[in-house]
Amino acid sequence: MILFVDACVRAHSRTKKLAEALLTKLNEETIHISLEDISFAVTDEDYLKKRDDLISKGAFDDDMFALARQFATADTIVIAAPYWDLSFPAKLKQYIEAINVLGVTFEYTSDGFPKGLCKADKLYYVMTAGGNYVPEEFGFSYIKALAQNFYGIKDVEMIKAIGLDIMGADVEAIMDEAFVYVEQNIE
Ligand SMILES: Cc1cc2nc3c(=O)[nH]c(=O)nc-3n(C[C@H](O)[C@H](O)[C@H](O)COP(=O)(O)O)c2cc1C
């Protein structure tokens, strides 16, 4: 089962189109969650106390952990997120706060290092950007570090199309190049 974590916002999102091309190529049963449709709880002190209490009791079947359980049991993860303000939309960070649950998606070793508890063996990160100044450290690299070091998903790949909003850019040609990449490189 593929879990498609959709952080796209715009009706004609190019990121989403690219992700859909990837999903078509992967051709497996997919669960789609649109982060726009999720009202994430505010991670205030009450929320954190409740969460810690449930974790200490091992009550991982609580609704609070539904997204974390879903993420931990997926075979493949596809995250689609437009490049916003050098990273990604805040809803994706809220999603990460919801799924980073000690005892569900990761645990700590006795010497203080995270150890993954997720089943997936591959995570794709699909991204499009308006410009060509697209450093990876605040977006893709952060997701990659989480995937590899928290969730235990070692194989992480980014699929991207950039420079789409530059004046005079041939948007169709840039997107086509990304679609061809997916067609020729994804199995
Ligand atoms: C709120 C916001 C912030 C953005 N920040 C950046 C940015 O930091 N760098 C950049 O190159 N493009 C930026 N863009 C442009 C988008 O990355 C670009 O239009 C992208 O293709 C949008 O994806 P979509 O078609 O899936 O919505 C931003 C767009 C929005 C709406």
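Biologist: Where does Leu 86 lie?
Modeller: Leu 86 lies in the loop between S3 and H4. Before going further, please note that this is a predicted model, in which local features need pLDDT of at least 70, side-chain atom pairs count only at pLDDT 80 or more, and totals for chains, interfaces and linings use all residues. Residues are numbered from 1 along each chain as its sequence is written, and side-chain values use heavy atoms, with hydrogens and water left out.

Biologist: How are the helices and strands defined?
Modeller: They are DSSP runs, numbered from the N terminus: helices are H or I with at least four residues, and strands are E with at least two.

Biologist: What is the phi of Leu 86?
Modeller: Its phi is near 70°, a positive value in a residue other than glycine. Asp 85 is found in the loop between S3 and H4, and its phi is near 50°, also positive in a non-glycine residue.

Biologist: Is Asp 85 buried or exposed?
Modeller: Asp 85 counts as exposed because its relative accessibility is 75%. Leu 86, at 32%, counts as partly exposed. Buried means under 20% relative accessible area, exposed over 50%, and partly exposed in between, with a 1.4 Å probe and protein chains only.

Biologist: Turning to the ligand, how many residues surround it?
Modeller: There are 15 residues around the ligand, and the closest are Ser 13, Thr 15, Tyr 83, Thr 128 and Asp 165.

Biologist: What classes make up the shell around the ligand?
Modeller: The shell has six nonpolar, five polar and four charged residues. Here Ala, Val, Leu, Ile, Met, Phe, Trp, Tyr, Cys and Pro count as nonpolar, Asp, Glu, Lys and Arg as charged, and the others, Gly among them, as polar.

Biologist: Which polar backbone atoms lie by an oxygen atom of the ligand?
Modeller: A ligand oxygen is 2.7 Å from a polar backbone atom of Tyr 83. For Arg 14 the distance from a ligand oxygen to a polar backbone atom is 2.9 Å, and for Gly 130 it is 3.2 Å. The protein covers 75% of the 640 Å² of accessible area that the ligand has on its own, as given by the Shrake-Rupley method with a 1.4 Å probe; for residues, only the protein chains shown count as cover.

Biologist: What does Thr 128 touch?
Modeller: Not counting residues up to four places away in sequence, Thr 128 touches Arg 14, Thr 15, Leu 18, Ala 81, Pro 82, Tyr 83, Ala 161 and Leu 164. Contact means heavy atoms within 4.5 Å. Thr 128 is found in strand S6 and is buried, with a relative accessible area of 6%. A polar contact of 2.9 Å joins its side chain to that of Thr 15. A polar contact is a pair of N or O atoms within 3.5 Å; within protein, one must be able to donate a hydrogen and the other to accept it, and residues adjacent in sequence count only if both atoms are side-chain atoms.

Biologist: And Lys 122, buried or exposed?
Modeller: Lys 122 counts as buried, because its relative accessibility is 13%. Lys 122 is found in strand S6, residues 122-128, and its side chain makes a polar contact of 2.8 Å with that of Glu 157.

Biologist: How many residues does the largest nonpolar core have?
Modeller: That core has 47 residues, and those with the most contacts inside it include Phe 71, Tyr 95 and Leu 123. The largest share, six residues, comes from H5. A nonpolar core is a set of buried Ala, Val, Leu, Ile, Met, Phe, Trp, Tyr and Cys residues joined through side-chain atoms within 4.5 Å. In soluble globular proteins, nonpolar side chains tend to be buried together.

Biologist: Lastly, where does Ala 98 lie?
Modeller: Ala 98 lies in helix H4, residues 90-99, and counts as buried at 10% relative accessibility. Ala 98 and Ala 41 are 57 residues apart in sequence and 8.5 Å apart in space, C-alpha to C-alpha. Glu 97 lies in helix H4 and is partly exposed, with a relative accessible area of 29%.

Conventions. A residue is near a molecule or strand if one of its heavy atoms lies within 4 Å of it.
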